[in-house]
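Open the model in your viewer and keep the selection tool at hand. The stops below go from the sheet to a pair of helices.

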Amino acid sequence: NNLSVSKAQELSSMADLLPNLNAGINRSRNVGRQFDNTTGDFGDFTINSFGASVSSNLDLFTGFSNINALRASRERTVSREEFLNRARENVIFATASGYLQYLLNLELLDIARRNLEVSVQQLERIQAQVEVGTRPMADQLNQESTVANSELQVVNRQNAVQQSRLSLIRQIQIDPQDPVEFARPDLPDATPAPQAYDLDALIQTALETRSDLKSEEASIRAAYFAYQAARGSRLPSLSANASLRSSLNDRNPSEYQDQFFDQNISRNVSLSVSIPIFNRLNIRTNILSQRISYENAQLSLDNSRLEVVQEVNQAYNDYLARIAEVESTQKAFAAAERALETERQRYEIGASTLIEFSQAQALFVQAQSNRIQSLYSYIFQEKLLDYYLGALQPEISLQD
């Protein structure tokens with residue numbers, strides 16, 4: 001909508017360079033003592049009259065104010081276009097972030113359900129062993145507590161899935177009551193291969209491609225031209241005027257057609273020069289205001305550039321951290337998996353306690369969760385880096 005307004009204002013600024021054209025008509029009745037052109041005397045009577053006119057005005061020179069106003073309007077349109085591009089990137093990033101969070105919660109729910117299933121199976125084995133007297137009742141009670149905690153974890157994960165789903169639906173603005181289903185792509189099994197980035201090149205790319213920076217740069221140019229247009233109002237202006245007028249009245253003995261199209265026609269062509277001498281400081285105040293707006297736009301861009309450099313630095317460092325995190329959690333998951341299998345075998349032959357086995361099970365579940373979260377954090381960080389570079393595209397693949 002703002003872009004549409006800017007385009008309309010740009011078209012209006014272009015039209016300001018053209019001559020205007022106005023037409024008018026009037027009808028009047030004069031009643032009372034007045035001069036009669038027919039008799040040459042004063043008298044009391046009523047005159048009905050009718051008039052029409054066409055006039056045009058063209059600004060020949062306005063201190064280049066119109067030209068600079070048009071340039072400013074064009075730059076505002078460019079600024080709005082770039083702002084709209086950044087708004088699209090914001091929508092893409094917010095939607096992708098919500099989608100990734102929803103997928104992560106689904107993965108964590110699957111882990112919680114598998115953990116509950118394993119806990120229930122373990123409880124059934126312990127109950128059978130307690131019945132034959134090979135395990136104490138305390139093991140059964142402890143395992144029942146573990147199952148209850150696993151059920152609570154499933155409930156919490158289900159609630160997180162629903163919350164993230166509603167948040168995603170709200171982001172893409174569809175009816176929450178619609179039976180919408182979101183696709184679940186397969187995550188890569190292997191540790192993703194990191195891309196080789198050069199920090200200086202990333203910063204330079206961001207400074208050159210970010211749409212919000214381009215929008216501010218265009219705003220600076222627009223403010224500059226607006227400032228120049230304001231300065232032009234100090235100079236004299238030259239305009240050309242042309243008009244055509246005619247009239248008729250019922251006291252004139254001539255025919256209406258003769259009056260209107262012949263006798264009463266007047267034509268006027270003129271040139272006028274306006275020299276600003278004193279305008280109650282309005283011109284000076286406007287120039288000062290436009291100059292400060294121009295300087296503020298420059299300060300805003302300088303600040304935005306610093307923010308972009310900081311954002312890219314932080315995103316790059318976080319990207320490296322996510323790579324290390326993925327590798328670490330992958331190793332921890334493999335170790336926890338082997339430890340759980342070893343502890344299960346020891347527990348089945350009576351060489352380990354239920355507490356030790358439960359601890360191994362908890363560490364394995366935590367390692368699973370950490371691995372899944374690190375993978376999604378890595379994917380998210382990749383997209384975040386693209387977002388800060390201004391290179392985020394609607395087509396996003398989890399396999400990239």
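Which residue in S2 is the bridge partner of Asn22? Select Ser55: this is the residue in S2 that bridges to Asn22. The model is predicted, so local features need pLDDT of at least 70 and side-chain atom pairs count only at pLDDT 80 or more, while totals for chains, interfaces and linings use all residues. Residues are numbered from 1 along each chain as its sequence is written, and side-chain values use heavy atoms, with hydrogens and water left out.

Next, select S1 and strand S2 (residues 42-61), which pair in the antiparallel sense over 16 bridges. Strands are DSSP runs of E with at least two residues, helices are runs of H or I with at least four, and both are numbered from the N terminus; two strands pair if DSSP finds at least two bridges between them.

Angles run from 0 to 180 degrees between N-to-C directions, and axes are lines fitted to C-alpha atoms, for helices over the stretch in contact.

Finally, select H7 (residues 282-348) and H8 (residues 354-389), which pack at an angle of about 160 degrees with their axes 7 Å apart. H7 and H8 are therefore roughly antiparallel to each other (angles over 145 degrees).

Note on methods:
Parallel < 35°, antiparallel > 145°, perpendicular 65-115°, else oblique.
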